[in-house]
Amino acid sequence: MFIEKNPHNIKAAELVVGIPSYNEAERISYPTAKASEGLIEYFGDKTSVIINCDNNSRDGTREAFMSTTTEVPKIYISTPPGIKGKGSNLRNLFKKSCDLGAEAIVVVDADLKSITPRWIKNLAGPVLEGFGFVAPLYVRHKYDGTITNNIAYPLTRSVYGRRVRQPIGGDFAFSGRVADIYLKQPDWSQAVAEYGIDIWMTTTAICHDIPICQSYMGRPKIHKPKDPGESLGPMFLQVVGTMFDMMIEHVAFWKEVKWSKPTAIFGFGLGEMEQPPPVNVNVERLYEKFQEGIARHEALIKDILSGNHHRKLTEVKTLTLRDFEFPANLWAGVLIDFGVAYKNSLKKKEKIMEGLIPLYYGRTCSFVIESEPMTIQQAEDFIEDQCSVFEHAKPYLLKRWFE
Amino acid sequence: MATEGFMKKILIVDDEEVIRLLYAEELEDEGYSVITADSGYGLIELIAREKPHLVVLDIKMAEHHGLDLLQDIRKEFYNIPVILCSAYSSFKGDLKSVAADYYVVKSADLTELKQKIKMALEGSIWHKPSTE
């Protein structure tokens, strides 16, 4: 159910670019203009439309979007007043795209500052060549995307066996058939209606054996990066909660998975690699939040962790910031223990997730300290090593999950 | 170790004959069936015809670049396991290498290569069409 403004009365489109938003009046014109340029330059022979799927923003997002000069027609759709969340916006986009009979749907974030017309080509192109789901591949600063690096990527890779480097990248493409699959899914929680939507889309595609590829965007993702110690917000709870919910839902799929498989890669030949802007992290603050949080949730954490993992955590807790290290194998074990506790718990899921937050701060603090002298490429290798540790922890996941 | 009666077939693509012979002998001793190619010419057709279970691919070859060949392979054969095997570790920083199952730096000791072959073959078994 959505409110719609369709001044050109568009009834069909082969290509759709969707831009989800909430109060993005200052930023939405830029990705809108670039999307139009990309559609005209690379897909001029196809019918296309740009859709702003909004949360009934009151800051003038709709006016900013609709008044952006574009060759491609535009449609504005919005959730009714009171309904919020990126997932709610994308659900409206899935519905509208199916109504339009779209072959390919591209989604880009409304706050993107680095999008080029080529992003539209690189995201939509593989769908038109037969892939069902396209995830972005961009160079990010080693401290940008700490939920991705320490949870979403290694856990998705080890549990479901597909290496999707940016499973919550925010910029995706998928086929009309996949949009229809998304619409028909019954597991539409509140977390999925909000920030859980990105990991939900990626995981749903993997679990339906949709052909997946990753497409290199050429430029770094430049948006509003955040210091993970300062602004975790609801995103952590929604993303990780959705990951645990989906592990419960798709256990029949992932229990058979061993190791992991790569995906095809698109979008090369773009010349020199551009370096992403630096992201500053306050390590002292992460360390403090780790120590404060585990003291506050001590009983809960002890109840959830295996005896061995709790002993290891007790050792880690005694380390000073100068010597601090939260080993990857302990982190993998902690996530598994929390996933199992989440599955087995009927009532206090939010409380369980609150107990995981300080441990995430600890692992992130350790990651920042360990990768401090590393180049971006060395940090990538470090993340790959962490993924290998997660894959080797799979037998432990299976044992705990089914005991 | 490959199971008798169902030998896994491995294709080695390398422009150095010494490497092809060494890998073929060592991997056959492990119970694999091995075929070889000395360049990327006709590689896609060879894979289509011979249907190997896994490809071991050199990167720096006289007339072809393994990372470009990897792109060609992935376009035609979405799920075939490919292991990049190079004397140079520097290509690991090239995003194109992400499309490979594993990246192994060449060594006289083939333990790592054999381990990665085993993992890649195990990892490919599960990927069957969904019944959902």
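Welcome to this predicted model. Where chain A meets chain B, the contact takes 18 residues from chain A and 20 residues from chain B. Chain A itself is divided into two parts, domain 1 (3-266) and domain 2 (283-402). Below is a short tour, from the chain contact to a pair of helices.

**Where the chains touch**
- On the side of chain A that touches chain B, nine residues are nonpolar, five are polar and four are charged.

**Where the domains of chain A touch**
- The centres of domain 1 of chain A and domain 2 of chain A, taken over C-alpha atoms, are 28 Å apart.
- Domain 1 of chain A brings 27 residues to their contact, and domain 2 of chain A brings 29 residues.
- On the domain 1 side, α5 (146-160) and α9 (233-249) of chain A each supply at least two residues.
- The most comes from α5(A), which gives nine residues to that side.
- Sorted by class, this side of domain 1 of chain A has 15 nonpolar, seven polar and five charged residues.

**A closer look at α8 and α9 of chain A**
- Helix α8 (residues 197-207) of chain A packs against α9(A) at an angle of about 25°, and their axes are 8 Å apart.
- Angles under 35 degrees count as roughly parallel, so α8(A) is roughly parallel to α9(A).
- The crossing of α8(A) past α9(A) is right-handed.
- From α8(A), the contact is made by A:Ile199, A:Trp200 and A:Thr203, and from α9(A) by A:Val239, A:Thr242, A:Met243 and A:Met246.
- Among the residues of this contact between α8(A) and α9(A), five are nonpolar, two are polar and none are charged.

Methods: Residues are numbered from 1 along each chain as its sequence is written. Chains are lettered from A and ligands numbered from 1 in the order in which they are written. This is a predicted model: local features need pLDDT of at least 70, side-chain atom pairs count only at pLDDT 80 or more; totals for chains, interfaces and linings use all residues. Domain bounds come from an automatic or database domain assignment. Two residues are in contact if their C-beta atoms, placed from the backbone, lie within 7 Å. Helices (H or I, at least four residues) and strands (E, at least two) are DSSP runs, numbered from the N terminus. Ala, Val, Leu, Ile, Met, Phe, Trp, Tyr, Cys and Pro count as nonpolar, Asp, Glu, Lys and Arg as charged, and the others, Gly among them, as polar. Axes are lines fitted to C-alpha atoms, for helices over the stretch in contact, and angles run from 0 to 180 degrees between N-to-C directions. Angles under 35 degrees count as roughly parallel, over 145 as roughly antiparallel, 65 to 115 as roughly perpendicular and the rest as oblique. A crossing is left-handed if the near helix is turned anticlockwise from the far one by less than a right angle, and right-handed if clockwise.
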